[in-house]
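Colleague: I am new to this structure and would like to learn how to read its charged pairs. Could you walk me through them?

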Amino acid sequence: MSASPALPLVILKPREADRIVAGHPWIYAGAIMHVAPGVKDGDLVEVNDHRKHWLGLGLYNAQSKITVRVITHEHVTVDQAFFEARIRAALAIRQRHLPGATSFRVVSAEGDFLSGLIVDKYDDVLVVQTSALGMDMRKPLIVAALKSIFNPRAIVERNEMASRKFEGLPEANGMLEGTLDGPVTVTLNGLKFETDLRAGHKTGLYLDQQANYQRTAELIALTPGANVLDCFSFLGGFALHAARAGAAHVHGLDQSADAIAAATRNAAANGLAEKCTFEAANVFDWLKAQTTVGPHERVIPKFDAIVLDPPSFTRNRASVPDALRGYKEIHLRALKLLKPGGLLATFCCSHHVDSVTFQDVILSAAFDTRRVLRRVATFSQSPDHPFIPCIPETEYLKGFAFEVVR
Ligand code: SAH
């Protein structure tokens with residue numbers, strides 16, 4: 001990496017530099033005092049404070065709400081070697097915090113100070129998402145860097161996010177390198193998961209739960225022979241970990257028939273078929289049916305452990321009240337179905353619902369069901385989705401494990 005040639009300048013207004021100096025990469029139009037004439041969307045620009053002191057380099061896009069995304073504070077050339085060095089540095093963090101893992105998020109956008117770039121590794125296949133124009137235009141450099149570091153069997157592009165239109169980008173999905181015939185089988189914590197990297201949820205699996213699968217299974221294993229319910233089970237992530245850890249039986253629920261079929265195959269592939277059942281159902285309806293009783297009947301608690309890992313119920317701030325009603329509903333019903341001493345592992349992947357609010361909803365459900373809870377674990381996103389406190393947007397997944405005191 002050598003010194004950068006003269007680049008178009010973007011000069012910030014007074015008092016707008018601190019956030020950038022602190023490490024946040026986003027610059028909105030309102031923070032900008034001056035843009036060099038002739039700057040084109042996607043260009044690399046030099047960012048200065050109002051005194052024309054250097055702040056860093058960023059990718060410019062006037063079509064986006066985020067006009068500049070700062071990608072480095074150093075004087076460098078943004079070429080293949082730049083991406084190679086940055087991706088290797090990101091990889092080293094994963095090797096340090098998830099030693100032995102073969103599938104993980106290699107680059108987590110803002111979490112790795114590469115706003116607009118996600119790279120997931122599924123054993124020998126990589127999946128790339130570019131959600132910002134400047135990154136998208138540099139895909140050839142990124143692909144070349146990835147080939148040089150990983151020598152992957154294939155690189156898949158999963159750019160069908162609706163958010164790309166706010167960057168002036170079309171949706172795209174296909175192969176950037178190599179070929180892929182059908183689903184692949186990847187290993188997570190020693191368990192095999194079949195997943196369709198070209199069409200599955202997210203980029204294939206919920207890698208952000210990798211560490212939480214293990215910890216939740218350890219807590220479930222404290223009750224030998226547990227009867228477990230995995231709500232929103234997708235490919236069986238929590239279910240299979242619980243079954244391997246010693247649960248007697250796990251029942252998984254997901255509304256997607258494809259996910260249920262894949263989860264059933266995954267249980268069999270791991271020799272856990274006898275302990276696992278999966279059912280295509282709407283969790284809200286299923287829990288309601290299980291907890292609706294006649295006037296003189298009581299709900300019989302059946303489960304030693306229940307996992308709740310719903311999709312984000314919020315798209316924006318305005319939908320938070322509805323989302324909270326949804327969270328409360330599933331917690332009310334789950335608490336009724338848990339035996340005394342039972343374990344509730346519950347997750348919320350909405351950035352708009354913070355952990356205090358989330359816990360308040362759970363406590364309100366506990367009050368209504370007259371249950372008292374002991375908190376035995378707190379969860380966050382796995383370390384391959386780094387949380388950078390000076391970039392609050394990098395925190396989204398939170399969760400708790402509670403034991404039912406009474
Ligand atoms: N626990 C999973 C991830 C869950 S993601 C894992 O670790 O991999 C959320 C899942 O909820 C998706 O698979 C989606 O199909 C399912 N889903 C969404 N709404 C649902 C509902 N109302 N009832 C049942 N499943 C639902």
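This is a predicted model: local features need pLDDT of at least 70, side-chain atom pairs count only at pLDDT 80 or more; totals for chains, interfaces and linings use all residues.

Colleague: Which residue does aspartate 304 form a salt bridge with?

Modeller: The general idea is that side chains of opposite charge can pair when their charged atoms come close. Here the partner is lysine 339, and the closest N and O atoms of the two are 3.2 Å apart. Lysine 339 is partly exposed, at 30% relative accessible area.

Colleague: Where in the chain do the two partners lie?

Modeller: Aspartate 304 belongs to strand β17 (residues 303–308) and lysine 339 to strand β18 (residues 338–348), so this pair links distant parts of the chain, 35 residues apart.

Colleague: How many salt bridges does the structure hold?

Modeller: There are 18. One of them joins aspartate 136 and arginine 164, with the closest N and O atoms 2.7 Å apart. Aspartate 136 sits in helix α3 (residues 133–137), while arginine 164 is in the loop between β10 (154–159) and β11 (172–177), so the pair ties together parts that are 28 residues apart in sequence.

Colleague: Are aspartate 136 and arginine 164 buried or exposed?

Modeller: Both are buried. They also belong to a network: salt bridges with shared partners join Asp136, Lys139, Glu157 and Arg164.

Colleague: What about arginine 158 and glutamate 160?

Modeller: They form a salt bridge too, their closest N and O atoms being 2.8 Å apart. Arginine 158 is buried, with a relative accessible area of 3%, whereas glutamate 160 is partly exposed, at 31%.

How values were computed:
Residues are numbered from 1 along each chain as its sequence is written. Side-chain values use heavy atoms; hydrogens and water are left out. A salt bridge is a side-chain nitrogen of Lys or Arg within 4 Å of a carboxyl oxygen of Asp or Glu. Helices (H or I, at least four residues) and strands (E, at least two) are DSSP runs, numbered from the N terminus. Buried means under 20% relative accessible area, exposed over 50%, partly exposed in between (1.4 Å probe, protein chains only).
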